[in-house]
Amino acid sequence: KTEMNIAIDGPAGAGKSTVAKLLAEKLSFVYVDTGAMYRALTWYALENNVDVNNEGILNELLKESDIELVNESGSLKIKMNQKDISEDIRSSEVTNNVSYVAKHEKIRKEMVRKQQKLAQKGGVVMDGRDIGTAVLPAAEVKVFLTASVEERAKRRHEEHLSKGLPSDLALLKEEIAKRDQIDSEREFAPLKKAEDAIELDSTSMTIHEVVDRIYSIAAERD
Ligand code: C5P
């Protein structure tokens with residue numbers, strides 16, 4: 001029997017990737033981080049001084065990009081043309097430019113094609129913005145994970161501090177809100193809850209509570 005697919009969408013910093021990773025481990029599914037794919041192209045564009053608003057050149061760049069998501073000893077590595085860029089794609093420069101890259105229709109079409117291919121055999125937990133609405137509209141389980149912008153900024157701030165990185169809570173809140181706005185207002189496949197998605201507000205839930213909730217939803221559907 002083929003395994004189900006699980007789609008997790010929601011705004012920036014709601015805990016999607018942490019939850020999706022843990023859930024995938026628990027189910028022995030493959031975790032697919034679609035945000036990392038848009039981030040990889042953004043990193044590559046910045047490296048090559050390509051304007052993130054130039055759809056044509058970005059599309060050329062994407063054609064010569066080999067973006068790989070590799071599960072290596074429990075952690076997910078992102079590679080661009082064989083180079084490990086897992087750390088680079090988390091920089092604030094990439095974070096603050098990625099939503100412009102992700103606005104373009106040609107770019108989205110190609111990314112969606114890659115993502116659908118990764119999920120064609122099932123057994124995938126995929127997180128992003130348009131997974132339930134556009135990438136995997138037939139996913140057996142769809143979750144829309146949210147949290148207040150204050151809580152999301154606070155979590156990211158604490159994550160930075162715990163890694164010894166400099167962090168500015170007010171600025172983080174502004175950047176998160178800005179990214180959500182661009183992602184929600186874009187023309188092609190904007191961030192939106194799928195009609196049949198279950199909305200989970202994680203503001204006052206722990207990561208494990210969220211994982212267990214989705215796990216039981218998946219068990220019910222199986
Ligand atoms: O999930 P993450 O925050 O890493 O995503 C980075 C950006 O990539 C999002 O803010 C959004 O602009 C874009 N993205 C998207 N569609 C997806 C996943 C990410 O447009 N499925």
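This is a predicted model: local features need pLDDT of at least 70, side-chain atom pairs count only at pLDDT 80 or more; totals for chains, interfaces and linings use all residues.

Colleague: What counts as a strand, and when do two strands pair?

Modeller: Strands (E, at least two residues) and helices (H or I, at least four) are DSSP runs, numbered from the N terminus. Two strands pair if DSSP finds at least two bridges between them. Here strand 3 (residues 67-72) and strand 4 (residues 75-80) pair in the antiparallel sense over six bridges. Glu 68 stands opposite Lys 79 of strand 4.

Colleague: Which residue is the bridge partner of Lys 79 in strand 5?

Modeller: Asp 84. Strand 4 and strand 5 (residues 83-84) run antiparallel, joined by two bridges. The other bridge partner to note is Lys 83, which faces Met 80. These two strands also form a hairpin with two residues between them, and Asn 81 in the turn has a positive phi of about 45°.

Colleague: What is the strand order in the open sheet of three strands?

Modeller: The order is 3-4-5, with antiparallel pairing. Strand 3 and strand 5 are the edge strands, each pairing on one side only. Helix 2 packs on this sheet and touches strand 3 and strand 4. Contact means that C-beta atoms, placed from the backbone, lie within 7 Å. The direction of helix 2 makes about 40° with that of strand 4.

Colleague: And the open sheet of five strands: what is its order?

Modeller: It reads 2-6-1-7-8, with parallel pairing. Strand 2 (30-33) and strand 8 (198-201) are at the edges with a single partner strand each, so one side of each has no neighbour in the sheet. Direction ignored, neighbouring strands are turned by 20° against each other on average. Four bridges join strand 2 to strand 6 (residues 124-128). One of the pairs is Tyr 31 with Val 125. Helix 10 (residues 207-221) packs on this sheet, touching strand 1 (5-9), strand 7 (141-146) and strand 8.

Colleague: How do I read a helix pair?

Modeller: Two packed helices are described by the angle between their axes and the distance between the axes. Axes are lines fitted to C-alpha atoms, for helices over the stretch in contact, and angles run from 0 to 180 degrees between N-to-C directions. The axes of helix 2 (residues 34-47) and helix 6 (residues 105-119) come within 11 Å and cross at roughly 135°. That makes helix 2 oblique to helix 6. Oblique is what remains after roughly parallel (under 35 degrees), roughly antiparallel (over 145) and roughly perpendicular (65 to 115).

Colleague: Which residues make the contact?

Modeller: Helix 2 brings Thr 34, Met 37, Tyr 38 and Leu 41; helix 6 brings Ile 107, Met 111, Lys 114 and Gln 115.

Colleague: Which element gives the most to the shell around the ligand?

Modeller: Helix 2, with four residues. In total 14 residues surround the ligand (C-beta atom, placed from the backbone, within 6 Å). The closest are Gly 35, Tyr 38, Ser 99, Ala 102 and Gly 128.

Methods:
Residues are numbered from 1 along each chain as its sequence is written. Two residues are in contact if their C-beta atoms, placed from the backbone, lie within 7 Å.
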